Amino acid sequence: MHLSALGVLSPTLVGTAQAGAQAAPADLTPPPDLFDAQLLDLDFWVKPRTLTVTRPASGEKAKLLYWKDGEMIDSAYQQLCHLLRDVNGKETAPIDPKLLEILWSTQAFIARYGLEQPLEILSGYRTPASNARLIEAGVPAARKSLHMTGKAADIRIASLNEEVLGGLVRSFRTGGVGYYYRSGPKGGWIHADTGLNRTWKG
């Protein structure tokens with residue numbers, strides 16, 4: 001079964017340039033039932049977890065099995081921490097395992113419908129200095145950003161626009177979700193974190 005058959009992916013939802021330029025909705029309603037993680041069976045949560053990610057800022061790509069039989073695989077976890085490092089500040093920090101779970105569950109969910117695509121990490125961990133530089137440059141960044149504690153990532157999946165990807169991430173109810181709508185060939189992105197459940201538009 002494909003998402004298109006369920007009415008989820010349509011020309012206005014696919015992550016094309018036109019979709020990226022789509023205006024933000026007037027309000028942020030709960031995602032449809034299709035995106036409700038509570039409907040997933042236990043098998044989804046106990047199977048091995050592999051993340052396929054890319055870092056456009058550094059050109060890195062990786063496919064890592066990081067969790068199996070209820071345990072984190074330390075070598076893969078360290079590699080993921082490196083991939084989610086502050087590329088500009090050139091520093092690595094421990095990444096919250098719950099954040100990795102958000103990234104994995106998002107990717108694994110759409111794979112159930114035939115969409116097996118890498119998850120783009122636009123920003124992971126940030127040093128306080130890097131975060132301050134973003135604020136000074138006028139880039140949306142909170143002064144107490146969870147990026148600085150390894151608990152947030154800005155992500156994108158090529159075939160999903162911000163509305164669909166954000167709705168999916170929200171459905172896991174594991175933290176904050178920020179919708180960043182941008183026009184252009186790649187559109188915007190979604191901020192996902194393991195803080196309080198909240199939603200905003202940036």
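How many salt bridges does the structure hold? The structure holds five of them, where a salt bridge is a side-chain nitrogen of Lys or Arg within 4 Å of a carboxyl oxygen of Asp or Glu. Keep in mind that this is a predicted model, so local features need pLDDT of at least 70, side-chain atom pairs count only at pLDDT 80 or more, and totals for chains, interfaces and linings use all residues. Residues are numbered from 1 along each chain as its sequence is written, and side-chain values use heavy atoms, with hydrogens and water left out.

**Salt bridges**

- Arg 85 and Glu 60 are one of the pairs, with their side chains meeting at 2.9 Å, N to O. Arg 85 lies in the loop between α3 (74-83) and α4 (97-111) and Glu 60 in strand β2 (residues 60-68), so this pair ties together parts that are 25 residues apart in sequence. Helices (H or I, at least four residues) and strands (E, at least two) are DSSP runs, numbered from the N terminus.
- Arg 85 counts as buried, at 14% relative accessibility. Buried means under 20% relative accessible area, exposed over 50%, and partly exposed in between (1.4 Å probe, protein chains only).
- Asp 154 and Arg 126 also meet through their side chains, at 3.3 Å, N to O. Here the link is again between distant parts of the chain: Asp 154 sits in strand β5 (residues 152-156) and Arg 126 in the loop between β4 (119-123) and α5, 28 residues apart. Both Asp 154 and Arg 126 are buried.
- Arg 198 bridges to Asp 193, and their closest N and O atoms are 2.7 Å apart. Arg 198 is partly exposed at 32% relative accessibility, while Asp 193 is buried, with a relative accessible area of 1%.

**Aromatic rings**

- Searching the whole structure turns up seven aromatic pairs. Rings of Phe, Tyr and Trp (its six-membered ring) pair if their centres lie within 6.5 Å; planes under 30 degrees apart count as stacked, over 60 as edge-to-face and the rest as tilted.
- Take Phe 109 and Tyr 113: their ring centres are 5.5 Å apart and their planes at 45 degrees, so this pair is tilted. Phe 109 is buried, at 3% relative accessibility, and Tyr 113 is buried too, at 12%.
- Phe 44, Trp 45, Trp 104 and Phe 172 are joined into a cluster by ring pairs.
- Arg 49 lies over the face of Trp 67, 4.0 Å from the ring centre, and also over the face of Trp 104, at 4.7 Å. A charge sits over a ring if NZ of Lys or CZ of Arg is within 6 Å of the ring centre and within 35 degrees of the ring normal.

- Ile 135 belongs to helix α5 (residues 128-136) and is partly exposed, at 22% relative accessibility. Leaving aside residues up to four places away in sequence, Ile 135 touches Ala 141, Ala 142 and Arg 143; a contact means heavy atoms within 4.5 Å.
- Helix α6 (residues 162-171) is mostly covered, with eight of its 10 residues buried. Among them are Glu 162, Val 164, Leu 165 and Ser 171.
- Where α6 starts, a side-chain oxygen of Asn 161 reaches to within 3.1 Å of the backbone nitrogen of Glu 163.
- After α6 comes Arg 173, with a positive phi near 50 degrees.

How values were computed. A polar contact is a pair of N or O atoms within 3.5 Å; within protein, one must be able to donate a hydrogen and the other to accept it, and residues adjacent in sequence count only if both atoms are side-chain atoms.
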